[in-house]
Amino acid sequence: MGKGLGDKLVLAISSRALFDLRESHRIYESEGVEAYRQYQIDHEDEILAPGDAFPLVEKLLSLNGNLGQARVEVILVSRNSADTGLRIFNSITHHGLGISRAAFVGGRSPYPYLAAFGSHLFLSTHAEDVRGALGAGFAAATILSGGP
């Protein structure tokens, strides 16, 4: 497991847990990776709606302000590629989330990057990635959708 950044809680979260990517994920599943890539690029200026774990991330990041010091860091780890990640970072900025570090791994599982970020906890909607993180010794949980 990663050593973290001193006394900070480092939470790694997938883009699909943080934002509602159902529509673009349907395109990925039905039309493939190139159609998904083009869709994200074509819509990079459209802000993503909050996903199922968004309220949790907001509350955890608000602890930093309440405590007067940075005690929580959230890292985005995504199966997206860097060229499709602009939409995600535009959405992070729009929603005022204090997330500045990310790994866009181009379709691969992001759990091998958790140690490099010093992650203590990994949250994802992708159960296979969560199992991989657990197998590598990280605390991890699958975020289940509460929506339709």
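This is a predicted model: local features need pLDDT of at least 70, side-chain atom pairs count only at pLDDT 80 or more; totals for chains, interfaces and linings use all residues.

1. Let's start with Ser91, which sits in helix H5, spanning residues 85-94. Is Ser91 buried or exposed? Its relative accessibility is 0%, and buried means under 20%, so Ser91 counts as buried.

2. What surrounds Ser91 is worth a look. A polar atom of the Ser91 side chain lies 3.0 Å from the backbone oxygen of Arg87. Setting aside neighbours within four places in sequence, Ser91 is in contact with Phe19, Glu46, Ile47 and Leu48.

3. Now for the largest pocket, which holds about 450 Å³ of space. It is lined by 23 residues, and those closest to its centre are Tyr28, Tyr36, Arg79, Asn80 and Gly107. Helix H1 (15-18), helix H2 (22-31), helix H3 (33-42) and strand E2 (72-78) are the elements that each give two or more residues to this lining.

4. Which element gives the most to the lining of the largest pocket? That is H3, with four residues. By class, the lining of the largest pocket has 12 polar, six nonpolar and five charged residues.

5. Finally, the second largest pocket has a volume of about 230 Å³. Of its 13 lining residues, Arg16, Asp20, Arg22, Asp52 and Ser145 are the closest to its centre. The lining of the second largest pocket divides into five polar, four nonpolar and four charged residues.

Note on methods: Residues are numbered from 1 along each chain as its sequence is written. Side-chain values use heavy atoms; hydrogens and water are left out. Buried means under 20% relative accessible area, exposed over 50%, partly exposed in between (1.4 Å probe, protein chains only). A polar contact is a pair of N or O atoms within 3.5 Å; within protein, one must be able to donate a hydrogen and the other to accept it, and residues adjacent in sequence count only if both atoms are side-chain atoms. Contact means heavy atoms within 4.5 Å. On a 1 Å grid over the protein atoms alone, a cavity is a set of points where a 1.4 Å probe fits but cannot get out, and a pocket is an open set with protein on both sides within 12 Å along at least five of seven lines; lining residues have an atom within 4 Å of a point. Grid points are joined across faces, edges and corners, and a volume is the space filled by probe spheres set on the points. Ala, Val, Leu, Ile, Met, Phe, Trp, Tyr, Cys and Pro count as nonpolar, Asp, Glu, Lys and Arg as charged, and the others, Gly among them, as polar.
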